Amino acid sequence: MALAAAAWPCLGGGSPAWIDVPERSKSAFLELKRRKVHRYVIFKIDDRSEEVVVEKTGAPGESYDDFTASLPADDCRYAVYDLDFVSDDNCRKSKIFFISWSPDDSRIRAKTIYAVSRNQFRHELDGVHFEIQATDPDDMDLEVLRGRANRT
């Protein structure tokens, strides 16, 4: 259910709590989900346009280390990662993770905007299996993702 942006209160600095998600951002997710064109997609909130934009996509052959190295150490981001793995019962599977990256060194304003917008953006991405909120690289270690994926 979408509400008009005017119905949402503004955060400090005039930024709306409701962030627009353009079709091109949704399309990047669908390319990852349906066509396996990307291993990951990193999204950022563009302060000027007040929308979630694609910052970077990772090719199918890129590693998890490539993905984590693409996240800024001092700013927030949203990301989706398509994890291929072999389950405990020896079956090849794929699970999509939504990661809300909010490192301790990021600005408080950025943390607030990303936190307030997270649920709305996350619900635009139909087909995500798991959600992780990370403030430190250990929160989203590859073994953490594998452990969550194997519990299903």
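Buried means under 20% relative accessible area, exposed means over 50%, and partly exposed lies in between (1.4 Å probe, protein chains only). These legends use a predicted model, in which local features need pLDDT of at least 70, side-chain atom pairs count only at pLDDT 80 or more, and totals for chains, interfaces and linings use all residues. Residues are numbered from 1 along each chain as its sequence is written, and side-chain values use heavy atoms, with hydrogens and water left out.

View 1. Helices (H or I, at least four residues) and strands (E, at least two) are DSSP runs, numbered from the N terminus. Along the sequence the pattern reads α-β-β-α-β-β-α-β-α. The chain has 152 residues, and 43% of them count as buried.

**View 2. F97 and F130 form a stacked pair.** Rings of Phe, Tyr and Trp (its six-membered ring) pair if their centres lie within 6.5 Å; planes under 30 degrees apart count as stacked, over 60 as edge-to-face and the rest as tilted. Here the centres are 5.0 Å apart and the planes stand at 25 degrees, so the pair is stacked. F97 sits in strand β4 (residues 92-101) and F130 in strand β5 (residues 130-134), 33 residues apart. F97 is buried, at a relative accessible area of 0%. F130 is buried too, at 10%.

**View 3. Y40 and F67 form a tilted pair.** The ring centres lie 5.1 Å apart, with 55 degrees between the planes. Y40 belongs to strand β1 (residues 40-46) and F67 to helix α2 (residues 64-69). Both residues are buried.

**View 4. Five aromatic residues form one cluster.** The members are F43, Y78, F98, Y114 and F121. In the whole structure, a search finds 10 aromatic pairs.

**View 5. A salt bridge joins E51 and R24.** A salt bridge is a side-chain nitrogen of Lys or Arg within 4 Å of a carboxyl oxygen of Asp or Glu. In this one, N to O is 2.8 Å. The bridge links strand β2 (residues 51-58), which holds E51, to helix α1 (residues 23-35), which holds R24. E51 is buried, with 13% relative accessibility. R24 is exposed, at 54%.

**View 6. R118 bridges to E131.** Their closest N and O atoms are 3.2 Å apart. R118 lies in helix α3 (residues 108-124) and E131 in strand β5, 13 residues apart. R118 is buried at 15%, whereas E131 is partly exposed at 26%.
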